[in-house]
Amino acid sequence: MLLTLGFIIVFTCSLKAASEEEKNDPLIMTDVSGLMPIKIDKVIKGKEIESFKKAIKEARETNKKISIAGKQHSQGGHTYYKDAIVLDMTSYNKILDFDKENKTITVQSGATWDDIQRYVNPHGLAVKVMQSQNIFTVGGSMSVNVHGRDIRHGSLIDSIQSFRLLNADGEIVRVSRTENEKLFPLVIGGYGLFGVILDAEISLTVDELYEMKTKALDYKEYADYFKQAVRGNEKVRMHLARLSTAPDTFLSEMYVTNYELAGDQGARTEYDELSEEKNVALMKFLLGLSRNYDWGKNVFWNAQKSYFLKKEDSYITRNNVMRSESEFLEYEHETNTDILQEYFVPVDAFPDYVDSLRKTLTEEELNLFNMTIRYVDHNEDAVLSYSRDEMFAFVLLINQGLSDDEIKKTRNVIRKMIDVTLSFGGTYYLPYQPYPTKEQMKRAYPRTDEFFGLKRTYDEKEIFMNYFYEEYGRDEK
């Protein structure tokens, strides 16, 4: 019942979901939700660099656009564009080099974190930073500068040593903190707007054995508890919290799970077999109750909390902590869909922010049915940095209708939540729905104009195009 949310991706600025005819058309592209079907020019599923170079050459000569897709779980239209040539990177997925002694691995950008875990696990190594789920491509994860549960390795940009980029001129450049260094903080967290990430050298870490510790507490206690018992405890390596969305305890009750370094690391090999998906049908059912009924939210919250409290003192490896279930989160319905939002708020603002968020949500109609909390350390390396302070990341799972009225209603509520977040010095995560206004983006990301200006400097003809840029960047000229 490990409900960790970081991957459901829906692009909901559309006015309609895809019809059955559109779903069967190979040139109609959308995301996993089936929202905003768009006619593209073609998909190139390349295994060789030459196929990508050829596509860029064609785009330059015919004034077409290039969009870049991995698993297509980034929302906000980041992976496609009307009449664009879409580069499907998923088959460009080889492991290129592995240095066990220096703890690095070099992979093509279409490789998934699961591919890496399966390769390095027998060597006692693990990934430093990735999403809670391992189904995503490395290139896609770099493009949104992901973060995860590790409280000492914050954003993915920290663990990328270098990468190769195929730019808008069809040239390959190596990028690191010392080589073509101006591109480094633009491409990581750059949403595919600066070129095609071909491969990356990634820092690894030791695959440790952890002991799980779970504690229920009142939300008002959480910030102090985190600073003293989590951030201030060297034994705690990873951390996750959940805040109740159940009507009986709405945004007041919570529990936290810490992954503490086990005393006997020699016992790690007893637990290092990689976990696989299980109990998918049961978990889908329980999540469905929470999605559809208020009483179901109460039942699910109590069951979820009880499950993790019973896991107290159980052992799990780092690699398995970073293999959270994802299949049970898949959801399709004719009239509604699940979407994500994520807000980053300074640690000390936590209780007051929760009070303000609760007030806003009790005044509005929004089917919020899960919320997780993670920690992200201060890191402003990326131009579009979401962690300008030590932040708590609030990940909200929301069910909304597909009609025009429902989309508008959800958009209005989300804009109000973003205003609350900004008032506390917070930010929001850019891979999600393009519901925020341009003004809200500039408040959350003060370097917005600089980012889009540099996009046009490096890509003068705007070869690399997606709906995120269309929505927020093109009128900055």
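How many helices and strands are there in the protein? There are 14 helices and 19 strands, where helices (H or I, at least four residues) and strands (E, at least two) are DSSP runs, numbered from the N terminus. The radius of gyration, taken over C-alpha atoms, is 21 Å, close to the 23 Å that the globule rule gives for 477 residues, so the protein is as compact as a globular protein of that length. That rule is 2.2 Å times the number of residues to the power 0.38.

Before we go further, keep in mind that this is a predicted model, in which local features need pLDDT of at least 70, side-chain atom pairs count only at pLDDT 80 or more, and totals for chains, interfaces and linings use all residues. Residues are numbered from 1 along each chain as its sequence is written, and side-chain values use heavy atoms, with hydrogens and water left out.

Let us start with the sheets. Eight strands make an open sheet in the order β15-β12-β14-β13-β17-β18-β16-β19, and their pairing is antiparallel; two strands pair if DSSP finds at least two bridges between them. At the edges stand β15 (315-317) and β19 (427-428), each with a single partner strand, so one side of each is left without a neighbour in the sheet. You can find β19 paired with strand β16 (residues 336-346) over 2 bridges, and there Thr427 is the bridge partner of Phe344. Helix α10 (residues 350-362) packs on this sheet, touching β13, β14 (253-261), β16, β17 and β18. Its direction makes about 15° with that of β18; such angles run from 0 to 180 degrees between N-to-C directions, with axes fitted to C-alpha atoms, for helices over the stretch in contact.

Now look for another open sheet, with 3 strands in the order β3-β5-β4 and parallel pairing. Here β3 (42-45) and β4 (66-69) are the edge strands, each with a single partner, so one side of each has no neighbour in the sheet. Between β4 and strand β5 (residues 85-88) there are 4 bridges, and Ser67 stands opposite Val86. Helix α2 (residues 49-62) packs on the sheet and touches β3, β4 and β5, its direction making about 165° with that of β5.

What lies inside? Buried residues make up 62% of the 477 residues; buried means under 20% relative accessible area, exposed over 50%, and partly exposed in between (1.4 Å probe, protein chains only). A nonpolar core is a set of buried Ala, Val, Leu, Ile, Met, Phe, Trp, Tyr and Cys residues joined through side-chain atoms within 4.5 Å. The largest one has 128 residues, and Tyr222 and Phe350 are among those with the most contacts inside it. Strand β18 (residues 391-401) gives the most to this core, with 8 residues. Tyr222 touches residues including His239, Met254, Phe350 and Phe392, a contact being heavy atoms within 4.5 Å.

Finally, visit Asn233, in the loop between α6 (222-230) and β13 (236-243). Is Asn233 buried or partly exposed? Asn233 is partly exposed, because its relative accessible area is 22%. Leaving aside residues up to four places away in sequence, Asn233 touches Arg152, Gln228 and Glu260. The side chain of Asn233 also reaches the backbone nitrogen of Lys235 at 3.0 Å.

Definitions and conventions. Polar contact = N/O pair within 3.5 Å; in protein donor to acceptor, adjacent residues only side chain to side chain.
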